[in-house]
Amino acid sequence: MTDQAWMRRAIALARAGVGKTGENPSVGCVIVRDEKVVGEAATGLGGRPHAEEQALAQAGSWARGSVAFVTLEPCAKRSSGAAACSSLLVEAGLSRVVIACEDPSTLAGGRGLVRLRQAGIRVELGLLRHEAASLYETYAPKGSD
């Protein structure tokens, strides 16, 4: 499959959760290794757990060296005190993270990208941005979840 196909799968996961995640956005995450899905999820009901943390839990050790396709920039900070998704992706040892849309938060936007890049993970931003953007039209971030 192509990167676009994997991202469309992530968008479909996120779309199914729109309106069910409280104040948090519905995010889709698909983790791929050797052209096979090793983990995938959408933001949980009420906004937690986050898509990335669920997909990483499914992938386990298969996440190392894999590629994550995420519909929204992985969070850089969480109000709950839990580990941020960008940190979890770094700890898991992914080789590349492909993101459709940046986090629109003025307090957190861009920080997840910086964390991933500083860890040496290849980050690609904007794949199918226009298809994913409709998921976040009503999302009004407050800086972190």
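**Briefing: helix packing, backbone features and a pocket**

Helix α3 (residues 85–92) packs with helix α4 (residues 111–118) at an angle of about 15°, and their axes lie 9 Å apart. The structure is a predicted model.

**Packing of α3 with α4**

- Two packed helices are described by the angle between their axes and the distance between the axes.
- The angle between α3 and α4 is about 15°; angles under 35 degrees count as roughly parallel, and α3 and α4 are therefore roughly parallel to each other.
- The crossing of this pair, α3 and α4, is right-handed.
- On the α3 side the contact is made by S86, S87, L89 and V90, which meet G112, R115 and L116 of α4.
- Sorted by class, the residues in the contact of α3 with α4 are three nonpolar, three polar and one charged.

**Packing of α2 with α3**

- The crossing of α2 and α3 is left-handed, whereas that of α3 and α4 is right-handed.
- From α2, the residues E52, E53 and L56 meet C85, L88, L89 and A92 of α3.
- Sorted by class, the contact of α2 with α3 has five nonpolar residues, no polar residues and two charged residues.
- L89 of α3 meets residues of α2 and is also listed in the contact with α4.

**Backbone features in loops**

- Most residues other than glycine have a negative phi, and most peptide bonds are trans.
- The peptide bond that joins R48 and P49 is cis, with omega about -5°.
- P49 is found in the loop between β2 (36–42) and α2 (51–59).
- E35, a residue other than glycine, has a positive phi, near 65°.
- The place of E35 is in the loop between β1 (28–33) and β2.
- L128 is likewise a residue other than glycine with a positive phi, in this case near 60°.
- The loop that holds L128 runs between β5 (122–125) and α5 (129–133).

**The second largest pocket**

- The second largest pocket holds about 160 Å³ of space.
- It is lined by 13 residues, of which T21, G22, N24, P25 and T138 are the closest to its centre.
- By class, the lining of the second largest pocket comprises five nonpolar, six polar and two charged residues.

Terms used: Residues are numbered from 1 along each chain as its sequence is written. This is a predicted model: local features need pLDDT of at least 70, side-chain atom pairs count only at pLDDT 80 or more; totals for chains, interfaces and linings use all residues. Side-chain values use heavy atoms; hydrogens and water are left out. On a 1 Å grid over the protein atoms alone, a cavity is a set of points where a 1.4 Å probe fits but cannot get out, and a pocket is an open set with protein on both sides within 12 Å along at least five of seven lines; lining residues have an atom within 4 Å of a point. Grid points are joined across faces, edges and corners, and a volume is the space filled by probe spheres set on the points. Ala, Val, Leu, Ile, Met, Phe, Trp, Tyr, Cys and Pro count as nonpolar, Asp, Glu, Lys and Arg as charged, and the others, Gly among them, as polar. Axes are lines fitted to C-alpha atoms, for helices over the stretch in contact, and angles run from 0 to 180 degrees between N-to-C directions. Helices (H or I, at least four residues) and strands (E, at least two) are DSSP runs, numbered from the N terminus. Angles under 35 degrees count as roughly parallel, over 145 as roughly antiparallel, 65 to 115 as roughly perpendicular and the rest as oblique. A crossing is left-handed if the near helix is turned anticlockwise from the far one by less than a right angle, and right-handed if clockwise. Contact means heavy atoms within 4.5 Å.
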